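Subject: Handover of a structure and notes on its contents

Dear colleague,

Please find below the structure that I am handing over to you. My notes on what was found in it follow directly after.

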Amino acid sequence: MTRLILASQSPARTKLLTDAGIRHEILVSDVDEDAVQARYGVTDPHDTALLLARAKAEAVASLPEADGALVIGCDSVFEFDGEAHGKPYTADVARERMLRMSGSKGVLHTGHWLVDCRDTEESGDSGAAGSGATLGHVTSAEVYFMEMAPEEIDAYIATGEPLQCAGSFTIDGYGGAFIRKVDGDPHAVVGLSISTLRGLLGQAQVGITELWTTGAADPALLRAE
């Protein structure tokens, strides 16, 4: 049975995979993001997203628990006015950013990196041989914000939601109330593009249907009345 490991503790990412019916395990990487960026000197938001996704995937792929599995690492970076915005962590930083973002737009870059840890020689016990692939892709989407009143921003920050999110917002939580539209893959804005994952798996000679379970969200429950 093909195994997929998500190298992330993000509830939003694992929910995306679960709702898409994609069987996966979770193994969190212990990556110092600031140290990785300092080591490589990458400042471009697009490249930073891919660099950190790769670092997370490769850190988990090096663990014994990843033997025989495919590992997907992801990282999101928000680009606004040419600056890279990661997680704000503090209320003051989140407030300053959101006041600037109000009524404007930015680009959310989500890096994806896949490492195939399966044995490259086919065996009767493990099934198909691994591809040895280690490859990545960045999926980006433009995010357009509504005008936000200062009191709305303060109420949003008080929920704690934006403090641990790239760009100080989410689309799948309270923050969705402030997003006017998304030009691009909305899954990438949440933190993992399912279509990008399908493409990476395909390059590793794995069909995404091999990972499907019966646990996908019920279409009948999602269909508009």
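The structure, which is a predicted model, holds 5 aromatic pairs. Here rings of Phe, Tyr and Trp (its six-membered ring) pair if their centres lie within 6.5 Å; planes under 30 degrees apart count as stacked, over 60 as edge-to-face and the rest as tilted. Phenylalanine 78 belongs to strand 3 (residues 70-80) and phenylalanine 145 to strand 6 (residues 134-145), so that the pair links distant parts of the chain, 67 residues apart. Helices (H or I, at least four residues) and strands (E, at least two) are DSSP runs, numbered from the N terminus. Both phenylalanine 78 and phenylalanine 145 are buried; the term buried means under 20% relative accessible area, exposed means over 50%, and partly exposed lies in between (1.4 Å probe, protein chains only).

Phenylalanine 145 has a further partner. Its ring centre is 5.1 Å from that of phenylalanine 169 and the planes are at 85 degrees, so this pair is edge-to-face. Phenylalanine 169 lies in the loop between helix 5 (150-158) and strand 7 (179-183), while phenylalanine 145 lies in strand 6, so the pair ties together parts that are 24 residues apart in sequence. Phenylalanine 169 is buried, as is phenylalanine 145. Ring pairs join Phe78, Phe80, Phe145 and Phe169 into a cluster.

Lysine 181 lies over the face of tyrosine 144, at 4.7 Å from the ring centre; the rule requires NZ of Lys or CZ of Arg within 6 Å of the ring centre and within 35 degrees of the ring normal.

Glycine 106 is found in strand 5 and is buried, with a relative accessible area of 5%. Leaving aside residues up to four places away in sequence, glycine 106 touches Phe78, Glu79, Phe80, Ala141, Glu142, Val143 and Phe145, where contact means heavy atoms within 4.5 Å.

I turn next to the charged side chains. Side chains of opposite charge can pair when their charged atoms come close. A salt bridge is counted when a side-chain nitrogen of Lys or Arg is within 4 Å of a carboxyl oxygen of Asp or Glu, and the count by this rule comes to 12. In one of them, lysine 56 meets glutamate 33 at 3.3 Å, N to O. Lysine 56 is in helix 3 (residues 45-61) and glutamate 33 in helix 2 (residues 33-40), so the pair ties together parts that are 23 residues apart in sequence. Are these two residues buried or partly exposed? Lysine 56 is buried, at 12% relative accessible area, whereas glutamate 33 counts as partly exposed at 24%.

Aspartate 81 forms a salt bridge with arginine 100, with the closest N and O atoms 3.6 Å apart. This pair links the loop between strand 3 and strand 4 (83-85), where aspartate 81 is found, to helix 4 (residues 91-101), which holds arginine 100; the two are 19 residues apart. Aspartate 81 is exposed, with a relative accessible area of 59%, and arginine 100 is partly exposed at 30%.

Glutamate 142 and lysine 105 also meet in a salt bridge (3.5 Å, N to O). Glutamate 142 is in strand 6 and lysine 105 in strand 5 (residues 105-116), 37 residues apart. Both count as partly exposed, glutamate 142 at 24% relative accessibility and lysine 105 at 39%. Salt bridges that share partners join Asp81, Glu83, Glu96 and Arg100 into one network.

As for the chain as a whole, its secondary structure comes to 8 helices and 7 strands. Of its 225 residues, 45% count as buried.

Finally, a note on conventions. Residues are numbered from 1 along each chain as its sequence is written, and side-chain values use heavy atoms, with hydrogens and water left out. As the model is predicted, local features need pLDDT of at least 70 and side-chain atom pairs count only at pLDDT 80 or more, while totals for chains, interfaces and linings use all residues.

Yours sincerely,
A colleague
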